[in-house]
Amino acid sequence: MASRDGAVERALTAFDGNAFRDHLAALIAIPSTSQDAEHAADLRRYLDDAIRPWLQRMGFSVEIHPNPQHGHGPILLAERLEGGHGPTVLSYGHGDTVRGLDEQWQPGLSPWTLAERGDRWYGRGAADSKGQHALNLAALEAVLAERDGRLGFNLKLVLETSEERGSPGLRAFVALHADRLVADVLIASDGPRVAPEVPTIATGSRGTWHCDLVVALRPGGVHSGHWGGLTADPAIILSHAIACIADVQGRIQVRDWLPPQGVPEAVREALYGCPVGGGEAARTDPDWGEPDLTPAEKIYGWASFIVLAMVSGRPDNPVNAVAPSARAHCQVRYTADSDPAGFEAALRRHLDDSGFAAVRIDNAGVRMPASRTDPGHPWVGWAAASLQRTLGKRVQVIPNASGGLPGDVFIDFLGVPLVWIPHSYNGCGQHGPDEHLLIGPAREGLAAFAGLWWDLGEPGTP
C-alpha cells in the first residue's frame, strides 16, 4: 500500500545512495550566473537542458518565456494539473547565481564543480538556490513514484533566471500570466533557516531600499600639501554624514525608517525564543544595532542600515591630493511595517537638520519590496504541522526572512499566502566564495518536502 512513510523513505533512500548529490552536481556544472553577460546562454541552458526534461518526466507541461524586460534571463512556467478537489499550489525558484568569484575559493574548490568535504557540498548555487528547488523536485519525484504517478493536487512552478539582479521582469511576467498562476498558496524554498538544526518557515521577507550618498566639491583633486587644512575634504564630510545616520553601534538615527509602533506584538510573539545561529557566531556582535531587542527581533522584526561600498580618490593607487568627491552606496533592509515611500524624504530632512546639506542623495529607491503573510495564517500552521510530523522537531515560524525574496509579486497579483521553507543556513557562503549546502539539513529538507507533498494530496488542507 502506498503511504506517507513510503514516500519519505523513497526520497531518503535516493538521497543516501548519492542520486541527489549527483543530480545537484550536474546543476552546479552549468555556470548560470546572471551577473556576467558572457553567461547569458547558460541561463537558458539551465532551464532547457537541466530543468525542462526533469519536469516533463514528472508529467509537467513546460514553457520557457523570454523575460518581459529586455536583456534579462528567461522565465520557466510549468504546470501539473490533475483537477479534482485538491488544492492548487504555486512554487517558485531561481536558477541563476551570483558571479563565481573563482579566484577567491579555497584551494581545490571551484564554483562550478560540486565538491564534498565533511558535512558540506560546495559549489555555486548549492545553497542559493539550485540545491533548494532541486530538493523540492526530488521529493516530488518520490511522492509521484509512491502514488503511482498521481499527486492528488495541482502544482504550478515559476523558475526565473534573474533573481540575483533583483528579479527584473518577474513582476510583469506574473501580471501577464496571473490568470494561469491562480493558486491557493505559494510554497517554495530559498534563504536560510534560523539555525542549521532548526526547521524554519518564513512568511515573507525584508525589503531593500538603496541610495547613493555623494559629496562632490570640485572638478578635480588638489595638492594635499598646498591645500590640506584649507579646503574641505569630501571623504571626511561623507564619513560624518554616515555617522549621523547610524551611531557607532549601528543604531539607526533616521527613526522614520523604522516600524512606527516598534516591533509589532504579533511579530514579537512569533519570534519568542527564536534562535539566531548559522554556525558563524563570531560574526554576531551582541551590542550592534537597536538596543533592547533580541537578536531575532533585530534581523526579522527591525530595519538595518548598511554601507555596501564607499570610495573617495583612488584606493588602489592613491595620490597626494584632497579628492574632489566621495560616494557611498547604502542599503536599508526594512520590514513590511515601514513605508519606504517616505525613506528618501526622511533621509533628506535628517541630513539637513544635522548640517549636511552638501550631501546629495542619488538613485534612491526600492530594489525588492518587503512582504509578509500573517504567521498565524492557516496555511502556515498546516505546513508547520506537516514538517513537525515528518521531522519530529519543533518548527520555528518567522514573520519574514532577513534577506530579500520576491514574495510581494505573488501577493500583489495572486493574493496567495507565502510559505517559504528554507534548506540552507546563514553561514552557507552565498554571494561569496566557498558557497555550500549542509548535507544534514538538506536531507531533512528532502524528507520534509516528501511529507508535505504527500499531505497536500490528502484531506485536511486549509
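Residues are numbered from 1 along each chain as its sequence is written, and side-chain values use heavy atoms, without hydrogens or water. Because the model is predicted, local features need pLDDT of at least 70 and side-chain atom pairs count only at pLDDT 80 or more, while totals for chains, interfaces and linings use all residues.

Trainee: How many residues are in the second, separate core?
Mentor: Ala188, Val254, Ala346 and Val409 are included in this core. The count is 63 residues.

Trainee: Which residues does leucine 55 contact, leaving aside neighbours within four places in sequence?
Mentor: Leu55 is among the residues with the most contacts inside the largest core. Contact means heavy atoms within 4.5 Å. The partners are Phe60, Val62, Leu76, Ala78, Leu137 and Leu157.

Trainee: Why are aspartate 48 and arginine 44 separated by about one helical turn?
Mentor: They form a salt bridge (a side-chain nitrogen of Lys or Arg within 4 Å of a carboxyl oxygen of Asp or Glu), with the closest N and O atoms 2.8 Å apart. Aspartate 48 is partly exposed at 24%, and arginine 44 is partly exposed at 35%. The separation is about one turn because the two are four residues apart in helix α3 (residues 40-57).

Trainee: Is glutamate 290 buried or exposed?
Mentor: Glutamate 290 forms a salt bridge with arginine 255, the closest N and O atoms being 2.8 Å apart. The pair links distant parts of the chain, 35 residues apart. Arginine 255 is partly exposed at 34%. Glutamate 290, with a relative accessible area of 10%, is buried.

Trainee: Where does arginine 372 lie?
Mentor: Arginine 372 forms a salt bridge with aspartate 337, the closest N and O atoms being 2.9 Å apart. Aspartate 337 lies in the loop between β14 (325-334) and α10 (343-353), so the pair ties together parts 35 residues apart in sequence. Arginine 372 lies in strand β16 (residues 371-372).

Trainee: What side chain of opposite charge is nearest to arginine 218?
Mentor: Lys and Arg count as positive, Asp and Glu as negative; His and the chain ends are not counted. Arginine 218 is buried yet has no salt bridge. The nearest side chain of opposite charge, 6.7 Å away, is aspartate 233.

Trainee: Which strand is joined to β3 by seven bridges?
Mentor: Seven of the seven residues of β3 (residues 88-94) are buried, so it is largely enclosed by the rest of the structure. Two strands pair if DSSP finds at least two bridges between them. Two bridges join β3 to the parallel strand β7 (residues 185-188). Seven join β3 to a parallel partner, β6 (residues 154-160).

Notes:
Core = buried A, V, L, I, M, F, W, Y, C linked by side-chain atoms within 4.5 Å. Buried < 20%, exposed > 50% of the residue type's maximum accessible area, 1.4 Å probe, protein only.
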